[in-house]
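Morning, everyone. I have one model to show today, and I'll keep it short. Please have a look at it first.

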Amino acid sequence: MKVITANFVTCAVKECKTSPASFPLHFNDAELEQQELDFQPEFIRNILPRIDWEALRTISNELGFPSLPESKPEEEALNNEQTLKDLHRLLLETHVTEGKLTCGNCGHSYMIKEGIANFLLPSHLV
Amino acid sequence: MLPTPDTSHVSFDTIYEPSEDSYLFLDTLSSASESKWLSERFPKNQEASPLVVEVGTGSGVVLAFTAAQSQQIFGRRDILTLGTDVNRNACIATRKTATTAIQAEQQPSPQSVHISSLTADLCAPLRPGSVDVLLFNPPYVPTEDLPRLPSAAENDPAVSEAMSRSAKFDNDSYFLSLTYAGGADGMETTDRLLDAIPGVLSVRGVAYVLLCKQNRPDTVMERIRGWGGWQVETAGSSGMQAGWEKLVIVRIWREDCS
């Protein structure tokens, strides 16, 4: 599971969808693996508009990455190759192989095993 | 004809083997009319990278094809793909099918990126408003009962490995039933997916959903038009006979995306 996935997922419990605390889900006990992927600066520029920057800063911290800038790179900063390379590494090359994703609203944790997160709910939460 | 992704690594004990309905999906998405529509909806250099999500990926053949043939389908290669399935084995299979197909078809880079396969019920874990293209080849066969959803524990690899031969047979049959059994009119699962579409699609979002004749496609389309603000059309030339089944793929999208 690539780190960018966290930008598109939230708690599977219906009642949590409307709570701001359900996004982003929080990584715990995450084991990471780097898988090299060709660096495509244009792709990163095209992905950036999709990224919730505040959420990514939180995730990046939880995974122990160096702090991201306070605001999303725009205009000139988008030509800074190092910035784009750092984002490429974090979003697309970093895989979470084991660990948990926890909802900040209901506290439920979703297990990640061998890179597959399990969002099926136990019967009491369906 | 564009190559079909390799699924030779997939064990079809619990996973749906690519069949006429899967191939109809590949042909429809890569048809001249659909690729034109999608390229205009997601114009390169103007619109951010689309997120393509397939629900119930099975072997992953449809999502892998979409990722690998993104240039033909979207006129751009910078797409992200994500798959969900209630069967963990299908998620593992999809990840491999997608990454292999991208490697095989997109040399040198740029390449599409398969971001993850998630074990989940339909769109349950997806962030509202995040999906640009939603693909669904449902369990559409009318059946007396709808199989229940598996629990997280039933997807634990350690549990199935410890099963006796007969328990494994029952377990495999159960997971296979999830791939085709659609309950009343074959629509019970599709109905839940249709209900989720307005919430999960982005403002520019579009969904492709396969229906068989017993699902009463005309009634389904009429119902979608009744949502208000949504359009629905038969995609490509998918109303044709596919093998012994009469299958159709409908395209559902927001009327006003500006």
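**A helix pair, a proline and a chain contact**

Let's start in chain B, where α1(B) passes α3(B) in a right-handed crossing. Keep in mind that this is a predicted model.

Two packed helices are described by the angle between their axes and the distance between the axes. Here are both values. The axes of α1 (residues 20-29) and α3 (residues 61-68) of chain B come within 9 Å. They cross at roughly 20°. Angles under 35 degrees count as roughly parallel, and α1(B) and α3(B) are therefore roughly parallel to each other.

Which residues meet there? From α1(B) we have B:Ser22, B:Phe25, B:Leu26 and B:Leu29. Facing them from α3(B) are B:Val61, B:Val62, B:Phe65 and B:Thr66. By class, this contact of α1(B) with α3(B) has six nonpolar residues, two polar ones and no charged ones.

Next, a proline. B:Pro50 sits in the loop between α2 (32-41) and β1 (51-55) of chain B. Is B:Pro50 buried or exposed? The cut-off for buried is 20 or more other C-beta atoms within 10 Å. B:Pro50 has 25, so it is buried.

What does B:Pro50 touch, leaving out residues up to four places away in sequence? The partners are B:Phe42, B:Phe74, B:Ile79, B:Asp132 and B:Val133. As for B:Pro217, it lies 167 residues from B:Pro50 in sequence. In space, the two are 27 Å apart, C-alpha to C-alpha.

Now chain A. It has three helices and four strands. From the N terminus on, the order is β-α-α-α-β-β-β. The C-alpha atoms fill a box of roughly 50 × 30 × 20 Å along the principal axes. For 126 residues, a compact globule would have a radius of gyration near 14 Å. Chain A has 15 Å, which agrees. Buried residues make up 36% of chain A. Then the contacts in chain A between residues at least 6 apart in sequence: 71% of these join residues at least 24 apart.

Last, the contact of the two chains.

Technical notes
Residues are numbered from 1 along each chain as its sequence is written. Chains are lettered from A and ligands numbered from 1 in the order in which they are written. This is a predicted model: local features need pLDDT of at least 70, side-chain atom pairs count only at pLDDT 80 or more; totals for chains, interfaces and linings use all residues. Axes are lines fitted to C-alpha atoms, for helices over the stretch in contact, and angles run from 0 to 180 degrees between N-to-C directions. Helices (H or I, at least four residues) and strands (E, at least two) are DSSP runs, numbered from the N terminus. Angles under 35 degrees count as roughly parallel, over 145 as roughly antiparallel, 65 to 115 as roughly perpendicular and the rest as oblique. A crossing is left-handed if the near helix is turned anticlockwise from the far one by less than a right angle, and right-handed if clockwise. Two residues are in contact if their C-beta atoms, placed from the backbone, lie within 7 Å. Ala, Val, Leu, Ile, Met, Phe, Trp, Tyr, Cys and Pro count as nonpolar, Asp, Glu, Lys and Arg as charged, and the others, Gly among them, as polar. The radius of gyration is taken over C-alpha atoms; the globule rule is 2.2 Å times the number of residues to the power 0.38. A residue is buried if 20 or more other C-beta atoms lie within 10 Å of its own, exposed if 12 or fewer, and partly exposed in between; C-beta atoms are placed from the backbone.
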